[in-house]
Amino acid sequence: MKISRILHAGYVFESGGTQILFDPIFENPFSRNCHAFPDVRFDPGQIRQLTPDAIFISHFHDDHCSFDSLHLLPRATPVYLYCLFEELFAMLRELGFTNVQSLAIDAPVHVGAFEIIARRALDDEVDSMFHIRAEGLNILNVVDSWMDPHTLEQLKAYAPWDMVLWPFQTMREVDVIAPSRTRDGDTAPELVCAPVPAMAGARATPAVALPDDWPGQLQALNPRYVVPSSCQFVQEPWSWYNHAMFPITYRQFAQDAGAWLPAAHVVRLDPSVAFELTPQALTPAAPLPWVIPVGDQDVDFQYDPAIAPPATADIARRFPALTVEQAALVLDFCQRGLLQKYEEMELPDDSYFMEPRRWQLTVFDHDGAGRRFRYRIHGDSIERADIEDGSIAAATGSQPLGWTTEIPAAKLYAGLALGESLTSMYLRINGAPEDADIADDPLIRCLFNDAFGAYQAAQLKRLKETA
């Protein structure tokens, strides 16, 4: 069986003349600001010549299901997708794919020499994992999900696994959205004493404590080979996220996994790199010709727990000015659309905003100038703070501002019109109490609650307009 890495969670599996693509991404950057790490470029001409026997997509997130990438592949290729929302299946058919099928948990799918079984992930409303079988081999692709305890018991029966593709990187999304919490030390990852050896000329990266359940889970699977999987990207070169989002190095994972599994081999599989797996060995194979490495490939993450986040105004200067029409859309949302969307949603009973609150949203333009919008919120009701005769005004009175939110105008527009995801928007929350849920933020809720497939819908619209 030949196993080749595309990027992030993307793989090519080949056996007995059958070729299957898993979560294929042929873009750099992808998801708007995820830059391949190590750096690569793609050859679209060669990709258009591919004739895979099937495409398997683990879940609907845009770093796994991107229409710009799928657009390069033959429309007759069967697409097997794990997703609970029919809208995405309809969009794939609208893109032109004629054989789009839903994956069911524990239901085998046979494609040529392969048997593929979707396995239940911890968040089974979103994610799935792949059990891949061929040539008498068992490979578990955990994708970037967390392991469900019941699924782990089920998978123990197949131990020792021949290979496990393990999502080795944890992402600190909440910590970069609300960095004041991290500066207080309450939610920073636990640091261990010894720094991981860094590359020549690079800063030493402090090791962090890996999740407590990983050793037991990997030991239960008892794989012959472990591939650190489902990351391989950083943000823009100037981004402070590059030293704040990803705390685990390849070196640390190899060191720790080697201690947990002394008989196993930890194998780094960079984009384009391929191996042939047999019951006896893992040997290098010809790389993917359409994934072209650029520059140094022996790179690693450089996490800095003490990094000071730049001001949102400075980040906003990195992005181009909005057009008149785009700026009008953002302004209308802040003045009217946000209020309408907020009142259409149902607030959880334990929300911070269930009590009367004052909230400020500041939107920074390309010059770093901020425009402030103030609101009074009580439960499911919201009004602009310049309305003095409303019932919320009486309840909040002159209550000081606590929770405030900042965002670059370009990113707010991208969230409204282009389906951009939260992790790339450089949204900043200040003053949120330590016991409050960051997802309670009114802007986050209005952009992402009940939103599904916005990124793919925007891609589909653009692809149809340019066809």
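1. In which loop does Arg-32 lie? Arg-32 lies in the loop between strand 3 (18–22) and strand 4; strands (E, at least two residues) and helices (H or I, at least four) are DSSP runs, numbered from the N terminus. Arg-32 has a positive phi of about 75° although it is not a glycine. At 38% relative accessibility, Arg-32 counts as partly exposed; buried means under 20% relative accessible area, exposed over 50%, and partly exposed in between, with a 1.4 Å probe and protein chains only.

2. This is a predicted model, in which local features need pLDDT of at least 70 and side-chain atom pairs count only at pLDDT 80 or more, while totals for chains, interfaces and linings use all residues. Residues are numbered from 1 along each chain as its sequence is written, and side-chain values use heavy atoms, with hydrogens and water left out.

3. Most residues other than glycine have a negative phi, and most peptide bonds are trans. Val-143 has a positive phi of about 60° and is not a glycine. This residue lies in the loop between strand 12 (137–141) and helix 4. Val-143 is buried, at a relative accessible area of 1%.

4. Two cis peptide bonds can be checked by eye. One joins Phe-37 and Pro-38, with omega about 10°; Pro-38 is in the loop between strand 4 (35–36) and strand 5 (40–42). Another runs from Ala-159 to Pro-160, with omega near -5°; Pro-160 is in the loop between helix 4 (149–155) and strand 13 (163–167).

5. Ala-159 and Pro-160 come up again with Asn-222, which touches Ala-159, Pro-160 and Trp-161, not counting residues up to four places away in sequence; contact means heavy atoms within 4.5 Å. Asn-222 is found in the loop between helix 7 (214–221) and strand 16 (225–229). Asn-222 counts as partly exposed, at 39% relative accessibility.

6. Strand 1 (residues 2–5) is covered on both faces: Lys-2 and Ser-4 on one side, and Ile-3 and Arg-5 on the other, are all buried. Strand 1 runs antiparallel to strand 19 (residues 274–277), joined by three bridges; two strands pair if DSSP finds at least two bridges between them. With strand 2 (residues 11–15), strand 1 pairs in the antiparallel sense over four bridges. Lys-2 has Glu-276 as its bridge partner in strand 19 and stands opposite Glu-14 in strand 2. Five residues separate strands 1 and 2 in a hairpin, and His-8 in the turn has a positive phi of about 55°.

7. A second hairpin to look at is made by strands 23 and 24, with two residues between them; Gly-379 in the turn has a positive phi of about 65°. Strand 23 (residues 370–378) and strand 24 (residues 381–384) are antiparallel and pair over four bridges. Tyr-375 has Arg-384 as its bridge partner in strand 24.

8. In helix 8 (residues 250–260), Tyr-250, Gln-252, Phe-253, Asp-256, Ala-257 and Trp-260 are buried. Why do the buried residues of helix 8 line one face of the helix? Seen down the axis of helix 8, they fall within an arc of 160°, so they line one face; the arc is that of the directions from the helix axis to the C-beta atoms.

9. Gln-459 is found in helix 14 (residues 454–465). Gln-459 is buried, with a relative accessible area of 2%. Leaving out residues up to four places away in sequence, Gln-459 touches Ser-66, Phe-67 and Asp-68.
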